[in-house]
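Subject: Handover of a structure and its findings

Dear colleague,

Please find below the structure that I am handing over to you. The findings follow directly after it.

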Amino acid sequence: MSLKSNLFATFATVLLAVPAFADSQIVVDDAYARSSGKAAKAGAAFMMIQNQGETDDRLISATSDAAARVELHTHKINDDGVAQMVHVEEGFIIPAGETYMLKRGGAHVMLMGLKAPFEHGATVPVTLVFEQAGEVVLDVPVDLERQDKHGHDHGSHSN
């Protein structure tokens, strides 16, 4: 790899690592997306959402040009004790001064009807829509190798 290519790759990595901000109230950090394989028709995005404001906010929806449909999902245990993914139409409350985790096995952004396979190292455009803060536009890096950190547990909340 040439010096120019190395510099570009380093610059791109630094840009992707910078948290996204919305009105200095909502900070999105540690975002990544994954799918189960090249033939997968669905994928998911995970991240830490920090509400640095003095009032609660709510993540009410998400959009992406990478998928035919995008929904906010979580896992619920049914009567048989089996975890099922469910659409959370009301969204997720992001309490003032706290961090809300979108994580594997919990709350997440579900991308259905992928228009192209998720390629490791690529990015997926995702726009998060909040009741108070408005839109937060992200380029979420695809990481097909990342292991679950079991919720990161940075004072996290999840539904």
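Two strands are said to pair if DSSP finds at least two bridges between them. Please also keep in mind from the start that this is a predicted model.

The hairpin

Strand β5, residues 67–77, pairs with strand β6, residues 83–87, in the antiparallel sense, and the pairing runs over 5 bridges. Together, β5 and β6 form a hairpin in which 5 residues lie between the two strands. The turn contains glycine 81, whose phi is positive, at about 80°. Within the pairing, histidine 73 has histidine 87 of β6 standing opposite.

Overall architecture and confidence

The protein contains 1 helix and 11 strands. Along the sequence, the order of these elements is α-β-β-β-β-β-β-β-β-β-β-β. The protein has 159 residues, and 40% of them count as buried. Of the contacts between residues at least 6 apart in sequence, 67% join residues at least 24 apart.

As regards confidence, the mean pLDDT of the protein is 84, and 77% of its residues reach 70 or more. Over residues 5–23, the pLDDT is below 50, and this stretch has 19 contacts in the model beyond near neighbours in sequence. The pLDDT is also below 50 over residues 150–159, a stretch with 23 contacts in the model beyond near neighbours in sequence.

Strand β4 and its partners

Strand β4 covers residues 57–63 and pairs with strand β7, residues 92–94, in the antiparallel sense over 3 bridges. In that pairing, leucine 59 stands opposite phenylalanine 92 of β7. β4 also pairs with strand β10, residues 123–130, again in the antiparallel sense, over 4 bridges. Serine 61 has valine 129 in β10 as its bridge partner.

The second largest pocket

The volume of the second largest pocket is about 180 Å³. The pocket is lined by 13 residues, of which Ala44, Phe46, Met85, His108 and Met110 are the closest to its centre. The largest share comes from β3, which provides 4 residues.

Two loop residues

Is glutamine 25 buried or exposed? This residue lies in the loop between β1 (20–22) and β2. Glutamine 25 counts as buried because its relative accessible area is 15%, and the cut-off for buried is under 20%. Leaving aside residues up to four places away in sequence, glutamine 25 touches Gln50, Asn51, Gln52, Gly53, Thr55, Asp57 and Gln132.

Glutamate 89 is found in the loop between β6 and β7. With a relative accessible area of 64%, glutamate 89 is exposed, since that class begins over 50%. Glutamate 89 and isoleucine 60 are 29 residues apart in sequence, while their C-alpha atoms are 7.6 Å apart in space.

Yours sincerely

Conventions
Residues numbered from 1 in each chain as written. Predicted model: local features only at pLDDT ≥ 70, side-chain atom pairs only at ≥ 80, totals over all residues. Heavy atoms only, no water. Buried < 20%, exposed > 50% of the residue type's maximum accessible area, 1.4 Å probe, protein only. Contact = heavy atoms within 4.5 Å. pLDDT = per-residue confidence, 0-100. 1 Å grid on protein atoms, 1.4 Å probe; cavity = no way out; pocket = protein on both sides within 12 Å on 5 of 7 lines; lining within 4 Å. Points joined across faces, edges and corners; volume = space filled by probe spheres on them.
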